[in-house]
Amino acid sequence: MGFLVRKTLVHKFEICAKAVPGRCLSAIISLDFGENVNIITVFFPCYTYNVSHSTELSECLSFLEDVLNNGLSSVVLGDMNFACNVNNERFKQCYSVLSRYNVFHCDDMIDNGNCITYCNYSLSHSSFLHHMFVTDNIWQDIVCAEVHDTGVNLSYHIPIIYKFRWSLNHSAKQADKPKKVKQYSWRWDKSDLEYYYQCTNHSLSLINIPTTPDCDLNCCLGSHFDAINMYYENIVAALHCAFSSAINCIPCDTLKPFWNEELDRLKNDSIFWHYLWLDAGRPSSGILQYTRLSVKAKYKLAIKIACLV
Ligand SMILES: [Zn+2]
């Protein structure tokens, strides 16, 4: 349970309280113009027949009430493990609490409320379990909403994205804080070698070859020494020029250490087949669905194996 916040916005964001271990975490965002908003992320318990489930949900809801009592506009979001459906007991329980604070779900903004955010094909389970609830006065601040379904995501959970029309000033870079010096390295394995060869060919072809008439192994002429030294320097400079324009220099910690070309290929395959399947209207069986799932499973397995090595 947590929040990921862009570094330049950290000063606008304050973690406030957590409750029911691993289930709720609240923070306050300070918008420009002085308005503050509660952001609460939740992971409600899955439905079971025993009492602990119901007690845990009640504890989560009483935590939400504590937070909402500060009177700020609020966003409550996360994996709620229920569909927002009037026949669902847990939704009703949640609704009865949140509606008292004018906090309502926004499901209708995505595919008219008919989307899927959890999909386990092997168990044939799919449902709409992830929701965002907001105070009715910030409803008009939502610009758009979508289910972010791509072939890259290997989880059964499919993220949803809401965009708000909020103004948040990014902080200027803090000059007083000593900055960690970034380490860079030249990555020949991540560069276009063919392009490097073209660059070397081009820059070497611009060098004039020195003409040293009447020269032999015993020659001591200073002008010949100078001409050869100059020739050598020009070759080094030409190679350096080709190298720095064709070879990528990237921060050392940017790449996953276990990543390789095969994983790149499997990832692209997974994205490709996922979009074909989406374009075909998400068929639940047939060759497209079969290929999409097997390509995705291969990609998932290859990542697991690569991480272990
Ligand atoms: Zn000579």
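With 7 C-beta neighbours inside 10 Å, D214 counts as exposed, in what is a predicted model. The residue sits in the loop that links α3 (193-205) to α4 (222-246). Its backbone is worth a look as well: phi of D214 is near 55°, a positive value in a residue other than glycine. As background, most residues other than glycine have a negative phi.

N81 belongs to the loop between β4 (73-79) and α2 (89-98).

Attention now turns to a pair of helices. Helix α5, covering residues 261-279, packs against helix α6, covering residues 287-308, at an angle of about 155°, and their axes are 9 Å apart. Because angles over 145 degrees count as roughly antiparallel, α5 is described as roughly antiparallel to α6. The crossing of α5 past α6 is left-handed.

Which residues make this contact? On the α5 side they are E262, L263, L266, K267, D269, S270, W273, H274, L276 and W277. Their partners in α6 are L288, Q289, T291, R292, V295, K296, K298, Y299, A302, I303 and A306. Sorted by class, the contact of α5 with α6 comprises eleven nonpolar, four polar and six charged residues. The nonpolar class takes in Trp and Tyr, and W273, W277 and Y299 are among the residues of the contact.

Finally, the protein as a whole. The protein has six helices and twelve strands. Its radius of gyration is 30 Å, well over the 19 Å that the globule rule gives for 309 residues, so the protein is more spread out than a compact globule. The C-alpha trace spans about 100 × 55 × 35 Å along the principal axes of the protein. What share of the 309 residues counts as buried? The figure is 16%. As for the contacts with a separation of 6 or more, 67% of them involve residues 24 or more positions apart.

Definitions and conventions. Residues numbered from 1 in each chain as written. Predicted model: local features only at pLDDT ≥ 70, side-chain atom pairs only at ≥ 80, totals over all residues. Axes fitted to C-alpha atoms, helices over the stretch in contact; angles between N-to-C directions. Helix = DSSP H or I, 4+ residues; strand = E, 2+ residues; numbered from the N terminus. Parallel < 35°, antiparallel > 145°, perpendicular 65-115°, else oblique. Left-handed = near helix turned anticlockwise from the far one by under 90°. Contact = placed C-beta atoms within 7 Å. Rg over C-alpha atoms; globule rule 2.2 N^0.38 Å. Buried ≥ 20, exposed ≤ 12 C-beta atoms within 10 Å, placed from the backbone.
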